[in-house]
Amino acid sequence: MRVNGAPVATPVQADHGLRLLDYLREVLGLTGTKEGCGMGECGSCTVIIDGRAMTSCLVLVGQVLEAEIRTVEGLAAAGHGPLQDAFVARQAVQCGYCIPGVLNSCAALLDRESDPSDAQICQALDGNLCRCTAYNRFYDAVHDAAAARHPNGAGA
C-alpha cells in the first residue's frame, strides 16, 4: 500500500479486518481524516483510493493492500494546493471537521475533470455533509481551483 505517495508497512494478517480510517489515524498518525458517523453517510472520512473518493470508515485495510491512497495531508504534494487555497479564499471552511473529506471529494473530481460543471461538483459532493457553511462556497472554490490549474482556459 502507498499512502500520500510513500510506501507504508501494512499490518499483519490478523489486522486486515481493521478499518482504513483507524489504520490511517491510529497506526500512521494521519489525523486529518475524521470520523463522523462511522457508517459512510457523512463523508468526513473520505480519502482518495486509486483515484476515487471513498469513505474510509467502510473500507478494510485488507481490501486496499495494493492501493494508492491519498489523505488530506497529501493533497498539496499531489498538486491540490490551489484547491485548499481556494477554500480558504472563498471562506468555504467553518469548523473544518468535514473539510478533509470535502477536499478529497473535490480533488478526485478535479483529477478527472479539468473544468467541472456545477452538476459534476454536486455529484462529487453527494456523500459529504456540512452543517456550517454554504455549499455554494464549495462550488466557487472548485471553479477557482480549476481556473488556477488552467489559467489560459486550456483544459487537461
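The crossing of helix H2 and helix H5 is right-handed; a crossing is right-handed if the near helix is turned clockwise from the far one by less than a right angle, and left-handed if anticlockwise. This is a predicted model, in which local features need pLDDT of at least 70 and side-chain atom pairs count only at pLDDT 80 or more, whereas totals for chains, interfaces and linings use all residues. Residues are numbered from 1 along each chain as its sequence is written, and side-chain values use heavy atoms, with hydrogens and water left out. Helices (H or I, at least four residues) are DSSP runs numbered from the N terminus.

**Helices H2 and H5**

- Two packed helices are described by the angle between their axes and the distance between the axes.
- The axes of H2 and H5 cross at roughly 140 degrees and come within 8 Å; axes are lines fitted to C-alpha atoms over the stretch in contact, and angles run from 0 to 180 degrees between N-to-C directions.
- That angle makes H2 oblique to H5, as angles under 35 degrees count as roughly parallel, over 145 as roughly antiparallel, 65 to 115 as roughly perpendicular and the rest as oblique.
- Pro82, Leu83, Ala86 and Phe87 of H2 meet Phe138, Ala141, Val142, Asp144, Ala145 and Ala148 of H5, where contact means heavy atoms within 4.5 Å.
- The residues of this contact of H2 with H5 comprise nine nonpolar, no polar and one charged; Ala, Val, Leu, Ile, Met, Phe, Trp, Tyr, Cys and Pro count as nonpolar, Asp, Glu, Lys and Arg as charged, and the others, Gly among them, as polar.

**Helices H2 and H3**

- Helix H2 (residues 81-89) packs with H3 at an angle of about 130 degrees, their axes being 10 Å apart.
- H2 and H3 are therefore oblique to each other, and their crossing is right-handed.
- Leu83, Gln84 and Phe87 of H2 make the contact with Ile99, Val102, Leu103, Cys106, Ala107 and Leu110 of H3.
- By class, the contact of H2 with H3 has eight nonpolar residues, one polar and no charged.

**Helices H3 and H5**

- Helix H3 (residues 99-112) and helix H5 (residues 135-149) pack at about 45 degrees, with axes 11 Å apart.
- H3 is thus oblique to H5, and H3 passes H5 in a right-handed crossing.
- On the H3 side the contact is made by Ile99, Val102, Cys106, Leu110 and Asp111, and on the H5 side by Phe138, Val142, Ala145, Ala146 and Arg149.
- The residues of the contact of H3 with H5 divide into eight nonpolar, no polar and two charged.

**Burial in and around H2**

- Gly81, Leu83, Ala86 and Phe87 are the buried residues of H2; buried means under 20% relative accessible area, exposed over 50%, and partly exposed in between (1.4 Å probe, protein chains only).
- The cover over these buried residues of H2 includes H3 and H5.

**Cysteines**

- A disulfide is a covalent bond between the sulfur atoms of two cysteines.
- The count comes to zero disulfides under the rule that the two cysteine sulfur atoms lie within 2.5 Å.
- The sulfur of Cys37 is 3.9 Å from the closest cysteine sulfur, in Cys42, which is too far for a bond.
- Cys37 is partly exposed, with a relative accessible area of 30%.
- For Cys122, the closest cysteine sulfur is in Cys106, 11 Å away and too far for a bond.
- Cys122 counts as partly exposed, at 41% relative accessibility.

Notes:
Helices (H or I, at least four residues) and strands (E, at least two) are DSSP runs, numbered from the N terminus.
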